[in-house]
Amino acid sequence: MKKIAFYTLFSIVTYFLQAQSSMQITISDTSHQTISKYIYGHFAEHLGRCIYDGFWVDDNLNVPKKDRIRLDVVEALKKIHVPDLRWPGGCFADQYHWSDGIGDRSKRPQRVNTTWGMITEDNSFGTDEFLQLCNLIGCEPYIAGNVGTGTPQEMENWIEYLNYNGKSTLADLRRKNGHDAPYNVSFWGVGNETWGCGGNMTPEFYADQYKRYATFCKDYPGTSLKKIASGANADDYNWMEICMKKIPVQEMWGISMHYYTIVNNWQHKGSATDFNEQEYFNGLKNCLHIEELINKHSAIMDKYDPQKKVALAVDEWGIWTDVEPGTNPAFLYQQNSLRDALIAATTLNIFNNHCDRVRMANLAQTVNVLQALILTDKDKMLLTPTYYVFDLYKYHQDATWLPLEFTSPAYTFENKSLAAINASASKDSNGVVHITIVNLDAHNKITVNASLQNITFKNIEGEILTSQKFNDINTFQQPDKVKTTSFSDYKKNGDKLSVTLPPMSVVLITLM
Ligand code: AHR
């Protein structure tokens, strides 16, 4: 009896202590660093239902379309200001031959997508269709060239087809295919995951291959290519070291790094919807690990490139769970919960706060694959909780980064802890300040007391993304369960601002 009374008392005390949890944060307008809009990029591969049956649908599907491009999907992406879209892979990029995907669709060859499910690739969506998609979204294309099974000649030809404005057989072919003006594609990936599906190379071999292929990636008049080397898998620091040592800094715009948040392990990743607090906590912990990866890769890059000319392009990231039961395992179709939105928001805060080096990132993968922004089912479409994070964070694109200083309270589960709060802030060209704050704690609200240095404002607005349970999702039956709403739990007192975040929430504060 005594024991029960003690625990009851303990729980009540803990509840009140936790309920009053608060922290200080200082936000200062002292930097000239820009948060590159390309941190907010996306990725679309010929994988499962991302391109086919996602962006590019059957002629008979009853949705608004331009050619076969689904316009409700395009509209949703325009709204969040997608800055660039990476294509055609992924692993698929190193088996893709661009000339298969141009010209009369009825004559295009049928290939097998050996990477993703051994299904027929009919090549109906190719280069001109992709550029049309980018044009509709209003984003820049980022093409990943084929190093694994392609030749430097093939890569050179592709760029000539895309970017040459003069008279040549390939430029004329583009004109014949309906595009008179050059496309001016500048972001160019020289291979993908060349340490794995892109050719199982050593870093020494790849660095030489990079130099060979990059030699033939020409800058046609009007377009300077931004070449991106295929970089490290997660914590493969040796890969970064060798590439940075062997490839001259002026020969690349960026070098990539790929990191996926896995909850358990690659064999048993865990369900996207049916998970407990242990798995919630693990997912967050593994997501936060990306900051260590960025710090360590950046330190290596600093040795060879102290002026930070080369961008770290995190051109694949996001949570990777088990596929939805009953779906093709090779199609990587997963649902998307509040947890995944918190993971996106946290990762974007980390990228923003490392914007001196991280100048591009691409979430995997826009529609129906992995941590998707959009899920479709025939003519239906839903926006995932992750979509709403990109909607809240769009104001950071190309804004001036504002440094933050704070120590977060801990979110403790069993005997492990992580920082409950993460945040980032920026000032846009009109002087409007946007602060995005995430509370990862599954149970406790936290008050953030902000001291604002050199920041003046008259009005405050707030928006929030939260839900009752960490595994809440949007479904085709209930598409609006997890979405942003307006938020008013803040107080201004002189130059101090206090904001109280409920558990498991992402808050956007706008100071005007
Ligand atoms: O995004 C799915 C796959 O993950 C990509 O094709 C590959 O680059 C990575 O391993």
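The briefing below covers the barrel, the aromatic ring pairs and the charges placed over rings.

This is a predicted model, in which local features need pLDDT of at least 70, side-chain atom pairs count only at pLDDT 80 or more, and totals for chains, interfaces and linings use all residues. Residues are numbered from 1 along each chain as its sequence is written, and side-chain values use heavy atoms, with hydrogens and water left out.

**Barrel**

- Eight strands close into a barrel with parallel pairing, in the order β2-β5-β8-β9-β10-β11-β12-β13. Neighbouring strands of this sheet are turned by 30° against each other on average, direction ignored.
- Helices (H or I, at least four residues) and strands (E, at least two) are DSSP runs numbered from the N terminus, and two strands pair if DSSP finds at least two bridges between them.
- Two bridges join strand β2 (residues 41-43) to strand β5 (residues 84-87) in the parallel sense. His-42 has Leu-85 as its bridge partner in β5.
- Helix α3 (residues 127-137) packs on the sheet and touches β5 and β8 (140-145), its direction making about 150° with that of β8. Here contact means heavy atoms within 4.5 Å; axes are lines fitted to C-alpha atoms, for helices over the stretch in contact, and angles run from 0 to 180 degrees between N-to-C directions.

**Aromatic pairs**

- Rings of Phe, Tyr and Trp (its six-membered ring) pair if their centres lie within 6.5 Å; planes under 30 degrees apart count as stacked, over 60 as edge-to-face and the rest as tilted. By this rule there are 28 aromatic pairs.
- Trp-266 and Trp-320 form an edge-to-face pair, because their ring centres are 5.1 Å apart and their planes stand at 80°. The pair links distant parts of the chain, 54 residues apart: Trp-266 is in the loop between β11 (254-261) and α8 (277-304), and Trp-320 in the loop between β12 (311-319) and α9 (338-353).
- Trp-266 is partly exposed at 47% relative accessibility, whereas Trp-320 is buried at 13%. Buried means under 20% relative accessible area, exposed over 50%, and partly exposed in between (1.4 Å probe, protein chains only).
- The rings of Phe-281 and Phe-413 have centres 6.0 Å apart and planes at 35°, so this pair is tilted. Phe-281 in helix α8 and Phe-413 in strand β18 (residues 410-413) are 132 residues apart, and both are buried.
- Ring pairs also link residues into a cluster, among them Trp-56, Trp-87, Phe-92 and Tyr-96.

**Charges over rings**

- A charge sits over a ring if NZ of Lys or CZ of Arg is within 6 Å of the ring centre and within 35 degrees of the ring normal.
- The charged end of Lys-226 sits over the ring of Phe-187, 4.7 Å from its centre.
- Lys-492 lies over the face of Phe-457, at 4.7 Å from the ring centre.
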